[in-house]
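These are my notebook entries on one structure. I write down what I looked up, entry by entry.

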2 protein chains.
Amino acid sequence: MSVSVREVAATAGVSVGTVSNVLNRPDKVSPSTVERVQAAISQLGFVRNDAARQLRAGRSRSIGLVVLDVANPFFTDVARGAEDRAAEDGLTVLLGNSDENPGRQSAYLDLFEEQRVHGVLISPLGDVGDRLSRLRARGTPTVLVDREIADRSFSSVAVDDVAGGYLAVSHLAAIGRTRIAFVGGPHSIRQVVDRLEGARKAVAEHPGVVLETIDTDSLSVLQGRSVGEQLLARPAGERPDAVFAANDLLAMGVLQALNMLGDVRVPRDIALIGYDDIAFASAAVVPLSSIRQPSALIGYTAVDLLMREAEGGEDFEHEQIQFQPELIIRESTAG
Amino acid sequence: MSVSVREVAATAGVSVGTVSNVLNRPDKVSPSTVERVQAAISQLGFVRNDAARQLRAGRSRSIGLVVLDVANPFFTDVARGAEDRAAEDGLTVLLGNSDENPGRQSAYLDLFEEQRVHGVLISPLGDVGDRLSRLRARGTPTVLVDREIADRSFSSVAVDDVAGGYLAVSHLAAIGRTRIAFVGGPHSIRQVVDRLEGARKAVAEHPGVVLETIDTDSLSVLQGRSVGEQLLARPAGERPDAVFAANDLLAMGVLQALNMLGDVRVPRDIALIGYDDIAFASAAVVPLSSIRQPSALIGYTAVDLLMREAEGGEDFEHEQIQFQPELIIRESTAG
DNA sequence: TCGCAGAATTAAAACGATTCAACGCCCGCT
DNA sequence: AGCGGGCGTTGAATCGTTTTAATTCTGCGA
């Protein structure tokens with residue numbers, strides 16, 4: 001069926017070892033032989049069997065990336081950055097989407113483990129510390145993306161989410177808003193918790209400003225829309241005058257819902273700020289203020305760290321890299 | 001380093017064959033043995049080596065999907081549909097992003113071929129017919145996504161893009177626009193060509209309506225923005241009064257650019273319609289009219305077709321499935 | 001008691017690429 | 001002529017799982 005290195009060797013009149021050398025270290029083989037083998041390869045249409053290669057090598061040539069939501073442009077940007085860095089070392093990125101679901105997250109970790117991936121990048125959900133420790137004990141370096149773990153036993157690349165939350169709410173307070181709602185969830189996602197913490201910190205510094213929290217089941221446009229509808233249903237006096245959404249998807253959902261009814265206007269009645277600064281944020285009905293994260297850089301750096309950890313071996317000093325978020329002001333929080 | 005079935009067999013006091021049976025056909029093994037082996041497995045922390053498995057099996061348990069742009073929500077939706085269907089058969093989807101770049105497309109096909117994937121789904125770029133024929137000759141079923149190939153030698157799942165283009169431009173004509181610009185490119189992407197053809201067809205049926213085409217290098221927000229700026233730079237009299245963009249990303253870019261300047265309003269001065277109806281389209285500055293495609297269903301159906309073709313073997317009758325697009329009218333083409 | 005079907009288990013042969021120690025060869029040097 | 005040292009090449013062993021044919025074991029009917 002499929003042609004193997006053995007057949008290539010036969011038609012080229014050399015041994016299998018030589019074929020392998022042509023494939024992997026052509027400089028160790030005489031030019032004339034290289035040519036003969038190449039000819040046999042293209043004549044037979046030989047294609048390397050990656051499984052056999054990996055079996056022998058003991059490791060695959062890819063790294064696994066588990067994200068919370070592929071539909072979120074923030075994560076596709078991270079993935080792109082990761083791919084770029086991986087490509088520099090001839091590695092491939094396997095993208096797994098946990099969809100904020102612990103079962104799927106676990107399934108992808110199993111898969112990556114069976115595949116003997118070079119390393120794992122994960123934006124974790126819930127408590128997977130033990131699972132990841134085991135993985136690492138088996139020799140698979142692991143880097144946390146967009147989240148730090150308290151005990152510093154893992155390398156990580158993150159953005160200071162507390163600072164981000166603080167930036168957002170300070171800004172809302174600065175433009176004179178006093179009844180602020182934080183929209184986000186679930187609380188098993190660390191980013192949500194941290195951004196909320198930052199929000200609380202900012203509120204504490206501004207007397208007279210109160211913070212309400214509205215929980216959601218996920219960080220999607222749909223969930224945002226339902227929160228928006230919920231806000232509309234309230235009597236006007238009980239509505240917040242500003243909303244800080246845990247990510248842009250939620251914020252855009254809220255915006256869509258609020259825009260349905262003419263009597264609530266953004267930003268006049270409710271100022272709105274999101275998080276991530278995805279490309280679509282600036283194109284929203286009302287261009288969305290947001291907290292920008294260097295998404296592609298996060299992915300790039302994470303893989304970089306992973307490679308360093310892979311080389312460093314056992315006694316590698318785990319490194320926590322943290323970027324600072326940036327406030328982007330647009331129309332949705334004007335005035 | 002890593003524990004193998006051999007060690008599991010040793011500690012459980014059975015042969016490797018039995019361990020394999022416990023893993024794959026537990027019903028063929030006596031309950032007491034199953035239990036003993038399971039115990040050994042978890043005690044040693046054994047994890048199957050997928051490479052060895054694949055080597056033996058001759059095929060991997062995943063299917064490859066090559067899309068034109070992962071940043072385009074349309075394709076992530078397709079991917080999600082494909083994943084869902086693949087999961088039903090215990091398969092994984094490997095997502096490759098060609099980024100509208102023939103080199104990358106080719107690299108992913110190579111990769112998938114080396115991995116001996118179960119099948120390939122591809123939204124092709126340029127002329128890859130030969131390449132795909134070779135792939136299929138090697139026993140890898142292939143299904144084209146979002147594009148039909150003229151000679152019907154491949155199975156495909158697509159949406160009638162000519163009809164979509166026709167719908168869009170007929171709608172623009174119906175609301176009284178007469179100077180229509182088609183924005184899209186490159187022409188190596190079939191969807192672009194077909195949508196333009198549909199547009200031409202519609203124009204032909206409406207005397208007095210003229211069509212101008214503006215080429216782009218890719219179907220991204222950035223390209224759209226530069227087209228928008230280009231339009232703004234023209235004297236008012238030479239601007240089109242409607243724009244049909246080959247996808248929503250482009251359309252949103254155009255919209256962003258037009259919105260910068262107060263004197264051109266959408267839809268008053270320029271009506272705008274996109275294609276794909278991505279989730280963000282309805283949340284745009286001016287909610288975007290678009291042509292909706294059943295994206296997740298496309299992915300789902302494509303994998304389904306792939307599985308059928310894989311079973312059917314050599315003499316499988318290639319099937320071309322075509323869905324019909326749907327016109328979604330929003331504010332960007334009101335009045 | 002013997003034989004035998006059927007179930008449970010085993011041992012060995014794949015799968016295909018890589019690696020490494022060993023080997024042959026040619027050349028230059030003494 | 002003899003010797004040593006590279007270079008190119010070889011062949012066999014190896015990675016870890018699955019599969020098959022062969023083997024042992026069990027109980028049951030004749």
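**Entry 1. A loop in chain A**

I began with R116(A), which sits in the loop between α6 (102-114) and β3 (120-122) of chain A. Helices here are DSSP runs of H or I with at least four residues, strands are runs of E with at least two, and both are numbered from the N terminus. R116(A) is not a glycine, yet its phi is positive, about 55 degrees. I noted the background too: most residues other than glycine have a negative phi, and most peptide bonds are trans.

**Entry 2. What I am looking at**

The model is predicted, so I kept its limits in view: local features need pLDDT of at least 70, side-chain atom pairs count only at pLDDT 80 or more, and totals for chains, interfaces and linings use all residues. Residues are numbered from 1 along each chain as its sequence is written, chains are lettered from A and ligands numbered from 1 in the order in which they are written, and side-chain values use heavy atoms, with hydrogens and water left out.

**Entry 3. Cis peptide bonds**

I looked up two cis peptide bonds. One joins G185(A) and P186(A), with omega about -5 degrees. P186(A) is in the loop between β6 (179-184) and α9 (190-204) of chain A. The other runs from V266(B) to P267(B), with omega near 5 degrees. P267(B) belongs to the loop between α11 and β9 (271-273) of chain B.

**Entry 4. Domains of chain A**

I looked up the domain assignment of chain A, whose bounds come from an automatic or database assignment. It gives domain 1 (5-48), domain 2 (60-159 + 295-323) and domain 3 (161-293 + 328-333). The C-alpha centres of domain 1 and domain 3 of chain A are 62 Å apart.

**Entry 5. Where chain B meets chain A**

How many residues does the contact take from chain B and from chain A? I found 36 residues from chain B and 36 residues from chain A, where contact means heavy atoms within 4.5 Å.

The area buried between chain B and chain A is about 3,600 Å², and carbon and sulfur atoms give 53% of this. In chain B, E114(B), R116(B) and F280(B) lose the most area to chain A, together 18% of what that side buries. Buried area is the accessible area (1.4 Å probe) that two parts lose on being put together, summed over both.

I then counted pairs. Between chain B and chain A there are 16 residue pairs in polar contact, both residues at pLDDT 80 or more. A polar contact is a pair of N or O atoms within 3.5 Å; within protein, one must be able to donate a hydrogen and the other to accept it, and residues adjacent in sequence count only if both atoms are side-chain atoms. The side of chain B that touches chain A has 16 nonpolar, nine polar and eleven charged residues. In this sorting Ala, Val, Leu, Ile, Met, Phe, Trp, Tyr, Cys and Pro are nonpolar, Asp, Glu, Lys and Arg are charged, and the others, Gly among them, are polar.

**Entry 6. Salt bridges between the chains**

The rule finds four salt bridges across the interface of chain B and chain A. A salt bridge is a side-chain nitrogen of Lys or Arg within 4 Å of a carboxyl oxygen of Asp or Glu. One of them links E83(B) with R104(A), the closest N and O atoms being 3.2 Å apart. Another salt bridge is between R104(B) and E83(A), at 3.2 Å from N to O. R104(B) lies in helix α6 of chain B and E83(A) in helix α5 (residues 73-88) of chain A, so this pair joins two chains.

**Entry 7. DNA strand C**

Around DNA strand C I found 21 residues, and V5(A), R53(A), R56(A), T18(B) and T33(B) are the closest. A residue is near a strand if one of its heavy atoms lies within 4 Å of it. α4(A) gives the most to this surface, with four residues. A side-chain N or O atom of R56(A) is 2.5 Å from a base oxygen of DNA strand C.

**Entry 8. DNA strand D**

DNA strand D is surrounded by 24 residues, the closest being S15(A), T18(A), T33(A), V5(B) and R56(B). Which helix supplies the largest share of the surface near DNA strand D? The answer is α2(A), with four residues. A side-chain N or O atom of T33(A) is 2.4 Å from a phosphate oxygen of DNA strand D.
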